[in-house]
Amino acid sequence: MTPLIRVTRDAGSDPAIDLPRYETAGAAGADVRANLPETKRREGLVLLPGERSIVPTGLRVEIPQGYEIQVRPRSGLAAKHGVTLVNTPGTIDSDYRGPLGVLMINLGADPFTVIHGERIAQLVVAPVVQADFTATEALTQTARGTGGFGSTGRD
């Protein structure tokens, strides 16, 4: 069954900006676009090197219970400009109804201008499994044991 994501627009957002959509038949993520405040639409939103900003999409979403939306960077922006997302993937929970903003950061060497209507991130709808957590006196042993970051080698 395909989950239905209900979408509303924030007051003052530009209704001409497309809703999230899959750009190709095999795309896992639906591209979401910047929907800048009217005062920023002409010049865009400039991210200086090292600067981060929450870029508005002008949208709010209703996600069915049992699902989340993961907000992921667009590889083209990262490869060409060094622009990515600070917390990736970001998670939008099914009970959140606030504005959908994308926390972008410019890791590149040059200023980057987010253009009104530009595709800025991908939204991946994913099922959620909630677990029960319980305290215990000991954990079962494994071959890896307590080996942490990089403990299994470079390969």
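The points below go from the basis of the model to the whole chain and then to one residue.

1. This is a predicted model, in which local features need pLDDT of at least 70 and side-chain atom pairs count only at pLDDT 80 or more, while totals for chains, interfaces and linings use all residues. Residues are numbered from 1 along each chain as its sequence is written, and side-chain values use heavy atoms, with hydrogens and water left out.

2. The chain contains 1 helix and 10 strands, arranged along the sequence as β-β-β-β-β-α-β-β-β-β-β; these elements are DSSP runs numbered from the N terminus, helices being H or I with at least four residues and strands E with at least two.

3. The radius of gyration of the chain is 19 Å, whereas a compact globule of 155 residues would have one near 15 Å; the radius is taken over C-alpha atoms, and the globule rule is 2.2 Å times the number of residues to the power 0.38. The C-alpha trace spans about 60 × 40 × 30 Å along its principal axes.

4. Of the contacts (heavy atoms within 4.5 Å) between residues at least 6 apart in sequence, 68% join residues at least 24 apart.

5. Val32 belongs to strand S2, residues 30-33, and is buried (under 20% relative accessible area, with a 1.4 Å probe and protein chains only), its own value being 1%. Leaving aside residues up to four places away in sequence, Val32 touches several residues, among them Pro20, Leu59, Val102 and Ile120.

How values were computed: Buried < 20%, exposed > 50% of the residue type's maximum accessible area, 1.4 Å probe, protein only.
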